[in-house]
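Let's take a friendly walk through a protein and its ligand. Have a look at the picture first, and then we'll go through some details together.

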Amino acid sequence: MKIYIIGGGAAGMLAAIAAKESNPDAEVHLIEKNDKLGKKIFITGKGRGNMTNSLYIDEFFKNYVTNPRFLYSALYDFTNQDIIDLLEKNGCNTKTERGGRVFPVSDHAYSITDALKHYIKKLGVEIHYKTEVRGIRYKNGSVCGIDTCYGNYTADRIIVATGGLSYPSTGSTGDGYRFAKEAGMTVTETYPSLVCLNVHENDIYRLKGLTLKNIKINITDDDGKSYYKDFGDMDFIEEGLRGPVIISASAVITKYLNASDHSKRKILTVHIDLKPALTDEQLDERILRDFKEFRNKELRNAFSNLLPSQLIPAFIARLERRGVDINKKVTEVDRNARKQILSLLRDFEFTISGTGSFKEAIVTQGGVSVKDINPKTMESKKVSGLYFAGEVIDVDGYTGGFNMQMAFSTGHLAGLSAAQE
Ligand SMILES: Cc1cc2nc3c(=O)[nH]c(=O)nc-3n(C[C@H](O)[C@H](O)[C@H](O)COP(=O)(O)OP(=O)(O)OC[C@H]3O[C@@H](n4cnc5c(N)ncnc54)[C@H](O)[C@@H]3O)c2cc1C
């Protein structure tokens, strides 16, 4: 039996391993257009390779934004412990850090690729580098071959593990979507996810480089409907917002910002509560205490205890726009002005103008519809012998190792199923 796997990323490598392990007589070919395997893995976890999470596997499902139930068989077939065991057996020891994030002990993502590549070679998988697959051939509703830049090959089973659209410089340029469409399958609209949010307000420029810790965000539309609420840290960047809490939010709101059907788009605002740990009463007391300390100063010079210095100019400019006289002595600031201060501390808002592009998105949301894939085998429901694995499928998760685990698990299940006689 000849099995061709298109794409040597996390999903493709696990597919090759599972296929060859379960059917050593099969001829397994791993086809990669780059000159190395797992180019994207090198940049995961800021180069440290957060390959999975230590949560119980039952807890994984709530960490997938789109179609978590589709992953049931794949995640139980090949769990987080299974990938850890496989890597450790092949020379990549692992460690668990904050939030259950699992990394190689070496702190180098390439240890993951080295271990997988070592095992793939040991199993006798044939790796074809710098080979781009251009099309898949079919006969009587089944796959029968692939066309590559070097010629055509006959194939009994084909696994598409070509990734999504994010970080196209790593080789993921959406080819798998074309293959799926040509096979008569549905591909849902794709959006950049786990990505920064751009904003309209000009004061963003003076905030670049600032990090806010332990803030609360609430993202709403014009009618006040809430789309995402969370606590955490955020960073200000050139034209927008990043950081853990924003990256997670992007996964939920990207479809409302990037929908190709403009009538489905929403105007969304991120409301930042700068002091979520304090009640209104506590916050007012805190302001009064500061006013006592700064009694000889003007209001604009009275926020150094309350706010990071880089935020103060933007904060007082916004206060002024709300009609508060920032040049008044703090002893003269009345209850109404204090109310404005409190309300701005509770709701320092930015109107979201869009997300970053696929070039900088950690994952792609959308892809080959799960309705057209059998979740127990990863085989296409439209064409026999055609399998899908990894980010090319319409499944995406939050940060923390869930996306790599999804690629490993669906890759393993696809490889295992494809290798059955
Ligand atoms: C900056 C960054 C950081 C990340 N950090 C993390 C993290 O810490 N933890 C986590 O869980 N996830 C992380 N991710 C996400 C994770 O890396 C991906 O979800 C996962 O690697 C997807 O694996 P894949 O095998 O499905 O696709 P890919 O890794 O994209 O692999 C697809 C492969 O197919 C090849 N290919 C495509 N088309 C063809 C063709 N026509 N012919 C031949 N070959 C082809 C490509 O060259 C590529 O090598 C990160 C992503 C990025 C961009």
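In what order do the three strands form an open sheet?

## About the model

This is a predicted model, where local features need pLDDT of at least 70, side-chain atom pairs count only at pLDDT 80 or more, and totals for chains, interfaces and linings use all residues. Residues are numbered from 1 along each chain as its sequence is written, and side-chain values use heavy atoms, leaving out hydrogens and water.

## The open sheet

The order is S8-S9-S10, with antiparallel pairing. Strands here are DSSP runs (E, at least two residues), numbered from the N terminus, and two of them pair if DSSP finds at least two bridges between them. Strands S8 (133-139) and S10 (151-154) stand at the edges with a single partner strand each, so one side of each has no neighbour in the sheet.

Look now at S9 (residues 142-148): four bridges join this strand to S10. In one of the pairs, Ile146 has Tyr153 of S10 as its bridge partner.

## Around the ligand

Some polar contacts (pairs of N or O atoms within 3.5 Å) can be picked out. A polar side-chain atom of Asp175 is 2.7 Å from a ligand nitrogen, while a polar backbone atom of Asn50 lies 2.9 Å from a nitrogen atom of the ligand.

Terms used
Polar contact = N/O pair within 3.5 Å; in protein donor to acceptor, adjacent residues only side chain to side chain.
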